[in-house]
Amino acid sequence: MYSFTLKRTVQYAGLALLALVIAVICSSRASAQTIVSQVVQSPEGKYYLQKDGSPFLYLGIQNTGTTQLKGRYANDNPPYAPYPTPMPLSWLENAYEKTQALSYKVVQQQLTWSDLELTNTPGVYDWTIIDQYVDWANEYDLYIDIVWFGTNVGGGGVLSGYPYGWNTNVPPYLQNHNKYWNNGDGVGSGANTPHLPSHGTDAANLFAWERQAIRALFDHLAVYDTNHRVVLFQVNNEPNLAANYEANKTEWLSVLNRLAEQVKLSDYVVATRVNLAGYTSGDPDIKNSSPYIDFNGPDLYSSNVTAVMNAINDHGNSSLTYIPENAGDFGNSSSLTLTALVNGGFYEVYQLNDSWTFSNQGMLGATLYNTWTLGTLPPFTAQATDMKNLNNAMNKVGSLIAAAHPSRMAGYNIESDNPTSSYNAFKSVAGKDIAFYSTDSSVGMVVNNGSYFYAVSDTANSANVYFTTKENPVSATYGYMDSSGNWVSQGHIAVVNNGNGTWKIPYSAQQAVRIELSPAEKFAAATNANNLFPASNAIDGSQGTAYVSADSQAFPEYLTLYYNQPQTFNRLSVSCDFCQGQGVTSYDVQVTTDGANWSTVGSSGTVSYTGNSAAIETSVVDFTAVTGITGIRIQINSANIQWDHFVVNEMTPSYSAGSSNTVTASATSVNGAFPASRAIDGDQGTAYVSADNPTFPQYLTLTNSLPQSYQQLSITCDFCQGQGITSFDVEVSTDGTSWSTAASSGTLSYTSNSAAIETKTVSFAPVTGIKAIRIKINSANLLWNHFVVNEIQTS
């Protein structure tokens, strides 16, 4: 065996006390429980990992732990001989040093059951190896995602005396093949498929001991890992490869869920996950039947950016979506990583170095790992250099990237599997057009938070890359976010005016750049979007473009429109083309005033369409006017998916005064036969007329039954040179009592003194939540001792 010094041995339970101990473990909640990490959902709908209450960027790279100390697959020939002399445990510090050198923050650390139990007595644990991992994580400022190799590692357990037996992952007391494992052995390397608990007492004990080991492990971490370096737990490895998995899936999911439950019952609670072989997305059965497993995803092993995008967008199968494993030897690793991130998911790499399992998938695979020494870095592959640069930049704004909704992110030069050598393209990010320019095959990303846009790239040469905006930035700096989420500027960036209505923001390698722009009036977001047809297409004013969902849906889906300033609405219209094939067939209209709490104000019912052509069809939902609205969305309950997706060409909220608001008019000076109501009767042939010889100022007021929004007011008159108003102010009130001036007309003149209607219009900055609007009449033509207003109109 590999050499190490025993640091701590604990006997958790003898065999005779197993049933009692397991009962206590499973029924008692830890007395000093700490939730280190958990999956949470942002107000905009993004699922992400939270560590110690803050967003955590989950990007990691795996190493195979103690297994690689014993032998290497590339050296294997029957009978699968190990190294003549195992490597020492201390060598594994190389894995932490090299992970840090790549600027990954998460070590996906394989941990075998046999790493913890070394004797023939169940429940006697040695914490030497896991403690060493925690120590190295502290030393190199890394975090650990435990990849548990227990009863099901690619189909089962690896046993002594069977293929790869020199690398067994189960304790000595569980090596009896026929007693515990003889169940149609799996397809993984050396996998011996275990009997399931329903098979009998021995099988039930096998999984009870495994649950006990997991619980003991995390209760130990509560004492030892005081800096919370362990942040995740993978429940076995590709368990669907077990020979009896599909035939006994319900029981298998129960087994996995009960293993994950032990983490949740322990003193040290982290998020739990499952990885799946041969899947192209997660498994909804795990999501729906295993409440203690927080998320699951496919070991994709594909260099295709579309495959990554589709896997991440398949939200019906997992809340948080991710790629648990993708090969480290893919030359476009940075493209694949950004594709996962900008679609709202996360991405992990298998593996750091060539190991006993595979000899061609290491990101640092240019040299044999067993030649590595501390203090010396092996030659970096091209993708290793790319990821080092990208990770360095992203880590500076990691918490922001982790929680950002896809509508607030854009990826550049990731449209195809291989980045183009020369790239220059604008993309819409939260309502702003921002471009990325590259001449070295670099990729880039922009992430929005309020008025700030954070830019990163994997470039190694600052001369080859810059970002471009269509407005002069308020500021541009480079720096990082501190632990409280505050931006720490390390210097200002000189912005270049290109002279064509665009501005260039230079970028230097491994920087995180913050660009401050004026707030966007509005922007759109969707929970499930095809990256080529984003939500912004639904609000661009063109029926010829459309938001298109990804090719898999988990209804309800959401299409949301956010506003920089509060709005008033009482109607929403949704349009589509080829509607019988891709139109939304049922939706609810929901609104928010704070971006977090949503209420339903209307429903479409069942929407049917007349054709399946390019002709635009529109559905409309009217509802009682709502004010102070910062977001409006449709909860899409069903849709036609003839082509596996649905579309929204345009989503248009609006306010129509006639549909629900009641307006009354009043005036301070009135000729009784010509009341103020005549100024809002829609008839230019009637008029409000003041009393004779009025003193100024006088007021003509419109009062609403429901608050309104305004940005323009018009008045009309006839015989205006004799009786038209010559000066007025527009005043508004949110309560009908306190008034503020929105605009003034200045001095007005008229062209005639006839029955011809003349109009005067005043525009002003939008005002919302208005209970009443009035004109303060400062002067008027009084040829006949009075003034008139034929119509007063607002918008």
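**The disulfides and their surroundings**

Modeller: Start with one pair of cysteines: Cys576 is buried, and Cys579 is buried too. Keep in mind that this is a predicted model. The two residues are joined to each other as a disulfide, with 2.1 Å between the sulfur atoms of Cys576 and Cys579. The angle about that S-S bond is 125°, and the link of Cys576 and Cys579 is right-handed.

How many disulfides does the structure hold? There are 2. The other one links Cys717 and Cys720, and their sulfur atoms lie 2.1 Å apart. Here the angle about the S-S bond is 120°, and the link of Cys717 and Cys720 is again right-handed. Cys717 is buried, as is Cys720. Count the bonded cysteines along the chain and the pairing reads 1-2, 3-4.

Now the nonpolar cores. In general, nonpolar side chains of soluble globular proteins tend to be buried together. The largest nonpolar core of this model has 143 residues. Within this core, the residues that touch the most other members are Tyr96, Ile146, Phe218, Leu341, Met394 and Met445. Helix H7, residues 201–224, supplies the largest share of this core, with 9 residues. A second core, of 35 residues, is separate. Its members include Ala546, Leu559, Val591 and Tyr609.

Take Tyr96 as a close-up. Leave out residues up to four places away in sequence, and Tyr96 touches Val107, Gln109, Tyr133 and Trp136, among others. Ala137, Tyr140, Leu142 and Ile144 are also among the residues that Tyr96 touches.

Last, a helix pair. Two packed helices are described by the angle between their axes and the distance between the axes. Helix H10 spans residues 305–313, and helix H11 spans residues 333–342. The two pack at an angle of about 25°, and their axes are 9 Å apart. Angles under 35 degrees count as roughly parallel, so H10 and H11 are roughly parallel to each other. The crossing of H10 past H11 is right-handed. On the H10 side, the contact is made by Val305, Val308, Met309 and Ile312. On the H11 side, Ser335, Leu336, Thr339 and Ala340 make the contact.

Conventions. Residues numbered from 1 in each chain as written. Predicted model: local features only at pLDDT ≥ 70, side-chain atom pairs only at ≥ 80, totals over all residues. Heavy atoms only, no water. Core = buried A, V, L, I, M, F, W, Y, C linked by side-chain atoms within 4.5 Å. Buried < 20%, exposed > 50% of the residue type's maximum accessible area, 1.4 Å probe, protein only. Helix = DSSP H or I, 4+ residues; strand = E, 2+ residues; numbered from the N terminus. Contact = heavy atoms within 4.5 Å. Disulfide = S-S within 2.5 Å. Axes fitted to C-alpha atoms, helices over the stretch in contact; angles between N-to-C directions. Parallel < 35°, antiparallel > 145°, perpendicular 65-115°, else oblique. Left-handed = near helix turned anticlockwise from the far one by under 90°.
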